[in-house]
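Hi,

Here is the structure I promised to pass on. Please open it next to this email; my notes follow.

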Amino acid sequence: MNRMGIQIILGLTLLVGAGCVFGAQTRSYADALKKAGKSKPVVLFCYGANYDQVSLKTYETFIRSRNKEIMHALGKESWVVVPVYQEPNDKEKKEYEKVMGNKWLPGGMWSIPCFLVMDGAGNFRGAVQSKEEMESPEAAAKALTTLLKNFTIQQKLIEESERASGDNKKKALQKALDVPGLKVPGHKEYDPVSSGLVDKVQSMSISEATTVIRDLLAGGPYTPLERQMILATLAGHVRHKGGSPAMLRSLYNEIKEIDPTSSFGIYAEGAIKLWAGGGSSASSPSPSGTN
Amino acid sequence: MSSKSIKLIIAIVVAVVLGYVSYPVFHFGGQKQAKTVVQTPTPAVPQVTPEEPQPETPQPEQTTPTETPDDTTDDDGQKGFEETTAQEEETTEEETTEDGDNSFMFSDGDPDLRGIAEEKDAPAVEGQTDVVPPAPQEQKLRAITTAARNLADALQDDEKEAKRPRTTPTPEFNEEAWKDPVKIYKTVAERVLKKIGQKPTAEDMIHFLGEAENRKDVALISLFRKAGMSDLKDVAQHSMGAKLLATLSSDPEWLCNTMFSGPTDKLGRGLRYMTAIFSDHPDDLMDPTSRRIATTAATEFAREGWDQEGMLARYDYYNTSYKEGKLNKIFDTLHYWDTRFVTGNREHNTWGNPKCLAWERDNVRLPLERYLSATDQLHYRMKNAFGDHVHGPDYLTPVRAAMNDIHPLMHREIGGVCGACSHYGAYAALAAGIPAMTMGEPKHCAYTVRVNGDWKKGYTIFWQHSMHKTFWGLHDWEFLILAQKLYEDRGNTLVSDHIAALADFLAARRLTRSAIEGFDAAVAVQPLNWPAWQAFAGYLKQKAPEDKARWTDLCLRISDTLAENFHDAAATFLARYVYPQLLPLVPNLKERNKLFAAFFDKCDSYGVHHWDITPLLNAQFDGCRTDAEKLDYMKTALSVLMSKPDYSGSVLAWGLDAAARSSGEGQQDDQEPSPLQEEFSKLITSAMSHMRAGKKDQNATWNGLGEAMYAAAENNDVRTFQAIGKLAMQKCKKNFPKYKLKFRPFSGKVISTKGLIHTSHKLGDGDVRNCCLHWGVLQKTGGSIPMPMGGDGTVTVKLETGGLINGVVILFKKPIQDGQRFTLETSEDGQNWSQVTATTQLDGTVMRFDLQDAKINARYLRLVKEGDDKNSAVEMIGFYVYGKSNKSKA
C-alpha cells in the first residue's frame with residue numbers, strides 16, 4: 001500500500017472513530033436533551049472552570065484528553081460539558097448560558113467536578129460525584145458505566161409502570177425504585193421523621209407499632225433507603241421500649257440485608273454490636289432514652 | 001487524487017471532528033491558571049549544621065484553654081446562642097513591665113486592665129513626661145490625614161510589590177545576634193529615638209514612617225513589646241527559633257503582616273508555635289504562602305489558647321491542601337488578616353479537624369456562592385429515624401466507627417439540626433480555604449460565608465448573631481463587618497497601626513505628650529481602627545482620667561467618625577470606655593444631652609445592621625444621679641429616638657425596663673408604683689401617643705408598640721400593657737383580627753379585659769413585633785398568641801385586680817387535637833399556684849373551665865399544656881375570665 005493509501009485509511013479511521021466516540025457530545029444541554037429523546041439519559045460533566053485546580057485537572061484528564069475509559073463509559077449517550085463559574089463576569093455568564101441556557105444545576109449536585117445523569121425530560125436522576133468515584137478516570141468510568149446501565153434498566157421499568165395498572169403498575173414501580181443510585185421522577189420521598197411516624201409510634205406498644213409499620217411497608221412502593229428508614233423507626237421504638245436483643249437483632253439484620261452498604265445498613269451493623277448483643281461498647285453499653 | 005487533496009481532506013476531517021465540540025478555555029479570570037509556588041532565595045542566615053545539637057522545641061506552657069471550641073457546642077456542633085459576658089471579654093493576660101506589654105494594644109477588654117509597660121530606665125523629658133496636650137483642632141487633624149494619605153498609598157503599593165518574587169535582604173540581626181534580644185531591642189529603640197527626636201509631633205511621626213527601614217524598626221519594636229522579652233529569649237534559644245526571628249526581622253513584609261494584620265495577644269506563644277511548625281517543615285520557612293499559613297495558624301491558635309498539636313495538624317492540612325492545589329482559588333488572594341478566619345477556625349477537635357476538613361474539601365467542592373446552600377445536603381432531624389434525639393448520646397453512635405467519626409459525613413447520612421447544618425455549610429467553605437464561620441442566634445445556629453468581600457448569611461432566622469470567630473472578643477455582627485472594612489482599607493490601616501505602635505513605644509518611654517499625639521493621629525488616619533481607639537482610651541484613662549476636654553473630644557470624635565457607619569461599635573465604645581470617665585465630669589444636663597445628641601444625630605437608621613441600643617441607653621441613664629436627672633434624660637432620649645422608626649420600639653421597651661428598675665427591685669406586684677415610676681409611665685405613654693402612624697410609618701409603629709408591649713408584659717406592668725394595647729388599636733386597627741367569636745359565656749363580667757397576658761414561650765423577632773395581638777387575646781376582638789407547645793410553656797393572665805372567678809373560656813384558632821391535655825392553675829400572688837380541679841370542657845376550638853362551684857379567688861390564671869409534644873403548636877386567640885373583681889366589690 002502506498003503512502004497515499006495509508007493517509008486515506010488514517011483519515012477515514014479518524015473520521016469514523018470520531019463519529020463513534022465523540023459524536024454524542026453536544027454544545028448545549030438543550031441539544032443534548034433533544035438528541036437523547038424521551039428514554040435516553042443525558043450526562044452533564046460539570047467542572048469548576050475558574051476557581052478549582054482539581055476540576056481543571058479532572059477536565060484535562062477525563063475530557064480534554066479524551067480518556068478512553070471515560071469515553072467508553074459515555075458510549076453513545078448524549079453528553080455535554082458544563083463549565084461552572086465562581087463569581088462569574090459577563091463573559092463567563094455567557095459561557096455558562098451558552099451551554100445551560102437559563103437552567104440552574106440540579107440540587108442533587110453536591111460536589112464539583114462530577115457527572116450528572118439527567119433524563120430526557122430534564123429530571124435529575126443520579127450522580128457520580130464522591131471523591132472516591134472522581135479521583136481517577138478508571139473509577140469514574142466504572143461508576144458512570146454502572147449508573148448508565150442502571151438508568152436503562154430503570155427507565156424500562158418506569159415506562160412499563162406507566163403502561164401498566166393496578167398491582168402490575170405498583171410492582172414495576174417498586175422494581176424501578178429498587179434500581180440503585182438513581183431517583184425515580186415523581187416519586188415523593190418518604191421520611192418517617194418529617195412525616196411524624198417516629199413521634200406517632202412513641203405512644204404505642206411494640207406490637208401495635210409493629211403492625212403499623214408492617215402495614216406501612218406493605219403499602220409501598222418505597223426505595224430501599226425508605227424501607228430501611230421505616231424499619232429503623234420500628235427498631236428504635238423496640239430499643240426504647242426495652243424489647244429483647246433477639247428482636248432487635250432481627251430488625252437490624254433486616255435493615256442491613258436491604259442494603260448493607262448504605263448509611264442505614266452501616267448503622268444497623270453498628271447497632272447490632274452496640275445494642276443487640278453483637279459486641280461490646282464502652283461508650284454506650286445500654287440503650288439510653290428508654291421510656 | 002493528489003497528495004495535496006488527500007491532505008486537504010484529512011485536514012477538513014480533523015477540523016470537523018475538533019470543531020464539533022467546543023472546548024472550554026482554561027483560565028482563572030483571564031490569568032494564567034497554573035499556580036507556582038514562589039521560592040524566595042535563601043537568606044544569608046547561618047545554617048544549622050546537622051552536627052549541631054538540636055535543643056528541644058520550646059513547648060508552650062501547659063495552660064487550660066480559656067475557651068474550648070466546644071464550650072457552646074455539643075459533640076456534634078449543636079451550638080446555641082452565646083451570651084457574652086463582660087468577664088468573658090476581659091483579657092486576663094498579666095501585665096508585664098520588663099518583658100514587654102503583652103496586652104496593651106490589640107486585645108479586647110476594659111482598658112482599665114491594661115497599661116503601658118513603661119521602661120524603667122527611660123529618662124524623663126521636660127515638657128513631655130505626664131504632659132497631656134490639648135485635643136487637636138480640626139485643622140490639625142485634617143493636616144495629619146492629608147500627610148498620611150500619601151504614605152497610605154505608598155504602603156498599599158508596597159503590599160502589592162511584596163507579593164512578587166524578591167530577594168530577602170541580608171538580616172541585620174542574624175541568628176547569633178538573636179541570642180541577645182535585649183541588645184537588639186536597645187539598638188533599635190535608640191535608633192528610633194535618635195531619628196525621631198525627643199519631642200516628636202504627629203507630623204514628625206508620619207514623616208518618620210515614610211522611610212521603609214523606619215517602618216521595619218517600628219514593627220520590630222512592636223514585636224518585642226507584644227511578644228515580651230522572656231518569650232523572645234525562649235524562642236531564640238532554639239536553633240529554628242533563632243532562624244525564624246532572624247528571617248522574620250529581616251523581611252519587612254512578613255514582619256509587617258505578623259504585627260499589623262489583626263490581634264497579636266499571646267504572640268510569644270505564637271512564635272513558639274511557629275518555631276514548632278518550621279522545625280517540622282524547614283523548607284516552608286522560605287515559601288510566602290506557607291509562611292502566611294504558618295503565621296496565621298500559630299497566632300490564632302496561640303491567641304485562642306488552643307494546643308500545639310491541633311495547631312500543627314491545622315497547618316499541615318492547609319499547607320498540604322494548598323500545595324496539592326486542592327483549595328479554592330480564593331485562598332490565593334487572601335491576606336494575612338483574612339487567612340486568620342480560615343486557619344484559625346474554631347472546631348479543631350471536631351468539624352475543624354483535618355479528617356473532617358479533608359472530607360468536606362473533597363466531597364463538598366463548590367463554587368463560592370453555593371456554600372451558602374450546602375445545608376440542603378442535610379436532613380433537618382431533631383430525632384433520627386431510630387427515634388434518638390440529636391442532643392442525646394445515641395444519635396450517631398452506631399455509625400461513628402464505620403464512618404471514622406467524620407462529622408459532616410455522619411450528619412449528612414443520618415441528619416442533624418441547625419448546628420450540624422450550619423457547621424456543614426461553614427466548614428465546607430473553610431475546608432476549601434474560604435473565610436466563613438458559624439454564628440449563634442437565639443436558640444438557633446446559622447453561618448456566614450464571605451463572598452466577594454461581603455459576608456453573606458446562610459441558614460439565618462434572627463437578626464441577633466453571636467459570631468463564633470472574633471478579632472476583638474466582641475461577638476456582634478457589626479464587629480465582623482468593622483474588621484472587614486478596617487483591614488480592607490489596607491493603606492490607611494497600616495499607617496494607623498504603625499503610628500499606634502509608635503505611640504505605644506513613646507508612651508513606654510514616658511513621652512506622654514508625643515504618645516497622645518500619636519494616638520490622636522492613629523485614629524484620625526483610620527477612624528475604623530477599633531484597637532487603636534481602645535489603646536487611646538486606655539492610655540488617656542491612665543494619664544488624663546479627669547481631663548474633661550480630652551474625654552469630651554474623644555466622645556465627639558467617636559460620634560463624628562466611627563459612628564458615621566458603625567453605630568453599634570461606636571455605642572459600645574462610648575458605653576464601655578468613654579461614659580464611665582466622661583459623665584461624672586459633666587454635671588450640666590444640657591451639656592450632657594448635647595454629647596448624647598452628637599451620637600444620636602448619626603443614627604437615623606440601624607446602619608450596618610440591626611443592633612441593640614439598650615446598653616448605650618443604660619450607660620447614659622446610669623450617669624444620672626438624681627430622679628430629676630433621670631426623668632430629664634428619659635424625656636430627651638424618648639423625644640430623640642421615638643422619631644426614628646428603627647429605634648422607637650427599642651427605646652420604649654428600654655424605657656419600660658428602666659422605669660421598672662427604678663421602682664426598686666424588691667417592689668411587690670400589688671404595691672403602688674413609686675412617683676418616679678408614675679412619671680416614667682406618663683412620659684412613655686405620652687411619647688407613644690406621638691408616634692407617627694401615617695401609612696409609611698404604620699409598620700414601624702406596629703413593630704415599636706409590639707416590642708414595648710413585650711417589655712411591659714415581661715415587667716408585669718399592667719397599666720403600660722393596657723396603654724400600649726389601646727394605642728395600638730387606635731393607630732393600627734387594621735392589624736387586629738376581625739373574628740366573630742361565638743361561645744357560651746359564664747355568669748358574671750369579663751374581668752380580664754383590663755389585665756395583662758404573658759407567654760413563657762421564647763418569641764422570635766416576628767412574634768415580638770406582633771405582641772400587640774397578645775393584648776387582643778383579652779379583648780372581644782380576639783388576638784393571637786402562638787404557642788409552640790413544648791416543655792413548660794404557659795400562658796399567664798394577670799387581672800387588673802384580684803377577683804372571684806366563675807369560669808374561664810379559652811379560644812383557639814384551630815380545633816385542639818385529641819391527646820393534647822391542658823390544665824388551668826390559679827394564684828393570688830403569681831408565686832404559689834394551685835391546679836383547678838374543674839373538668840376541661842373542650843369543643844373544637846373552645847375550651848371552658850367551670851369554676852362556679854370552686855369559689856376561687858385569684859389575681860393570676862395560667863394555662864399549662866401537659867406533655868412535650870413539639871409537633872402540636874396551637875394559636876390562642878381569646879382568653880376570657882368571668883367573675884366579679886375585687887375592685888367592683890370595693
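Over residues 279-291 of chain A, how many contacts beyond four places in sequence does the model have? It has 24, and pLDDT stays under 50 there. pLDDT is the predictor's confidence in each residue, from 0 to 100. Two residues are in contact if their C-beta atoms, placed from the backbone, lie within 7 Å.

Some ground rules. This is a predicted model, in which local features need pLDDT of at least 70, side-chain atom pairs count only at pLDDT 80 or more, and totals for chains, interfaces and linings use all residues. Residues are numbered from 1 along each chain as its sequence is written, while chains are lettered from A and ligands numbered from 1 in the order in which they are written.

Chain A

Average pLDDT in chain A is 89, and 88% of the residues score at least 70. Chain A has 13 helices and five strands. Both are DSSP runs, numbered from the N terminus: helices are H or I with at least four residues, strands E with at least two. Confidence is lowest in helix H1 (residues 3-21) of chain A, with a mean of 46. It is highest in strand S4 (residues 114-118) of chain A, at 98. Residues 10-21 of chain A stay under 50, and the model has 10 contacts for them beyond four places in sequence.

Of the 291 residues of chain A, 42% count as buried. Buried means 20 or more other C-beta atoms within 10 Å of the residue's own; exposed means 12 or fewer, and partly exposed is in between, with C-beta atoms placed from the backbone.

The sheet in chain B

Four strands of chain B form an open sheet, in the order S3-S2-S1-S4, with antiparallel pairing. Strands pair if DSSP finds at least two bridges between them. Strands S3 (454-458) and S4 (466-467) of chain B stand at the edges with a single partner each, so one side of each is left without a neighbour in the sheet. Helix H18 (residues 418-431) of chain B packs on the sheet. It touches S1, S2 (444-451) and S3 of chain B, and its direction makes about 15° with that of S2(B). Angles run from 0 to 180 degrees between N-to-C directions, and axes are lines fitted to C-alpha atoms, for helices over the stretch in contact.

Two bridges join S1 (residues 436-441) of chain B to S4(B). Gly440(B) stands opposite Ser466(B) in S4(B).

Helix H15 of chain B

Buried residues of helix H15 (residues 354-363) of chain B include Trp359(B), Glu360(B) and Arg361(B). The cover over the buried residues of H15(B) includes H6 (131-134) of chain A and H18 of chain B. Why does Arg361(B) count as buried? Because it has 24 C-beta neighbours inside 10 Å. Arg361(B) touches Ser321(B), Lys326(B), Ala431(B) and Ala432(B), leaving out residues up to four places away in sequence. Arg361(B) and Ala429(B) are 68 residues apart in sequence, yet 8.0 Å apart in space, C-alpha to C-alpha.

A helix crossing

The axes of H8 (residues 239-250) and H10 (residues 267-280) of chain B come within 9 Å and cross at roughly 105°. H8(B) and H10(B) are therefore roughly perpendicular to each other (65 to 115 degrees; under 35 is roughly parallel, over 145 roughly antiparallel, the rest oblique). The contact involves residues including Met240(B) of H8(B) and Phe278(B) of H10(B).

Best wishes
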